[in-house]
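Please look over the sequence and the model shown here before reading on. The report then takes up a few local features in turn.

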Amino acid sequence: MGSTIRVRNVVAGTLAASAVTGALIGVQPQSARAEATAGHVQTSIKWGDCPELAPGAKRDPRQTCGTVKVPLDYRRPNGETIIVAVSRIATAKHGKKRGDLLFNPGGPGLQGLDMPGQMALTLPKSVLDSYDLIGFDARGVGHSTPMSCGVPDAGLLTLFPYPGAGGSIKGNITNARTVAKQCATVGDTLRFFTSANTARDMDRIRQALGARKISYWGQSFGTYLGAVYTSLFPRNTDRMVLEGNVDPSKAWAKMLDNWNQGMNDRFPDAARVAAADDAGLGLGDTVDEVTDAFLTLADRLDRKPATVPGTPVAISGALLRGVTYQMLQHNETLAPLTRFWKAAADLSAGKAPADANVAVLRQVLADTPATPGVPADNQVTMALAMICGDTTWSHDVDSYAKATAAARAKYPLSAGMPNNITPCAFWSKKPIEPLVKVTSHGPRNVLILQNRRDNATPWAAGRGMRKALGGRAGFVGVDHGGHFAYGTGSTCADKATVAFLTKGTLPAKDLVCDGPQP
């Protein structure tokens, strides 16, 4: 995830793509002790050059990379193995090092190998002096034995299934069935790329680093991954920061349902930006007027997509909404988002957009450069592997149609997407194990960071993580919009995070911080 938005073949940088049924089952198939000792365990990493970057991407020159070999199936620790790519920036000062700080950017399916360099830009010297920064591509993702369903042009509409004109989900059903059938051709292998197994990989990384405990910073889906890790390995967890949270009791369909209210909470921030520039945009001078203009435009594009001159791209209602969902995650992209709305409105009305808005169109709709050695559908494949493979989904197609229609009526900004059918409804394999139960049992060593107006992992989800971890966690809520709380303008939240990582200090009670307004 980042401030530059790419939308063709984009995947939720949040959980921001996840899914279905059932409450957590409080059964863990193996003890943490057994998992930590079973099979051959790698106890060192050979650090060297990192894999080739995508064209235009940058990397911290201090970063080195290596690999950790892990079991494909932890129930058979001496069986088939896969590779997990890891990275390190050795920032800790001699005599001041506390340990290693492992990062995960979420997704699921987002590459995390270069996250240490990204985080090093925002972390103060006191944190950098205390930790070496560790990144990794989760199993199946990026350079970690990358998986592919071979789905052509899989992306936005696969993971964000907005209904068609009038709320029809016929196209969504066809697409979901096709993608699930394609992923079934991978066979049994994809079943082992789960949240729980990814957490077990994290402990193998810990052991390969030679660390007794490991600290962790997870964002979005990475918060769920962290909660699973510290539930499986509470004694191996040092200090853990969870930012932009998934509710572990709602993995996964009920978590998606939270997106409805999340959009209602966040959209007015962008509408206010548009209203303040009514003279330039003409979308209305109040939040209500801008909202009505957006809904009217989306409905019109559902019925007749607008072709972008000089490109093969047509802006449909689904694409308009998908771009909006993505760009609402960052305050710095709210103004460009309003210009995207204006350009789409002009194209829909048969007008030529202004040059400045054409530039925004080109940026938003540009293809994302491919990462060498990584399949084009890797992120989509791994998002589906996690959300479809962690839990069992309903196969009742009619239930999705009814839920979508009801949500569409109640939450028009989301248009029924969070409740719509996904490939998980047609997934060919059942989960290999129950969900890991996330509980309050364990040391008090977790900091939860949550924005009040986060459309990707809404406030209710952050409170759900707070409830699940109970006394284990401190909670910092920020009166702020967007998906990220740290480093986005709240001095209060930043101080609380740094105090925790450097001194282990957690708020004695839930803390509410002010945040900048867009």
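## Basis of the report

This is a predicted model, in which local features need pLDDT of at least 70 and side-chain atom pairs count only at pLDDT 80 or more, while totals for chains, interfaces and linings use all residues. Residues are numbered from 1 along each chain as its sequence is written, and side-chain values use heavy atoms, with hydrogens and water left out.

## Helix α10

Helices and strands here are DSSP runs numbered from the N terminus (helices H or I, at least four residues; strands E, at least two). Helix α10, residues 287-303, has 17 residues and reaches 25 Å from its first C-alpha to its last, close to the expected 24 Å at 1.5 Å a residue, where the expected span is 1.5 Å times one less than the number of residues.

The buried residues of α10 are Val290, Thr291, Phe294, Leu297, Ala298, Leu301 and Asp302; buried means under 20% relative accessible area, exposed over 50%, and partly exposed in between, with a 1.4 Å probe and protein chains only. Seen down the axis of α10, these buried residues fall within an arc of 140 degrees, so they line one face of the helix, the arc being that of the directions from the helix axis to the C-beta atoms. On the other side of α10, Asp288 and Arg303 are exposed.

Most residues other than glycine have a negative phi, and most peptide bonds are trans. The peptide bond from Gly107 to Pro108 is cis, with omega near -5 degrees, and Pro108 is found in the loop between β3 and α2. A cis peptide bond also joins Ala251 and Trp252, with omega about 5 degrees, and Trp252 lies in the loop between β6 and α8.

Ser220, in the loop between β5 and α7, has a positive phi near 60 degrees and counts as buried at 0% relative accessibility.

## Salt bridges

The structure holds 21 salt bridges, each a side-chain nitrogen of Lys or Arg within 4 Å of a carboxyl oxygen of Asp or Glu. In one of them the side chains of Arg139 and Asp201 meet at 2.7 Å, N to O. This pair links distant parts of the chain, 62 residues apart, with Arg139 in the loop between β4 and α4 and Asp201 in helix α6.

Asp269 forms a salt bridge with Arg266, the closest N and O atoms being 2.7 Å apart, and both residues are buried. Salt bridges that share partners join Arg266, Asp269, Arg272, Arg453 and Asp479 into one network.
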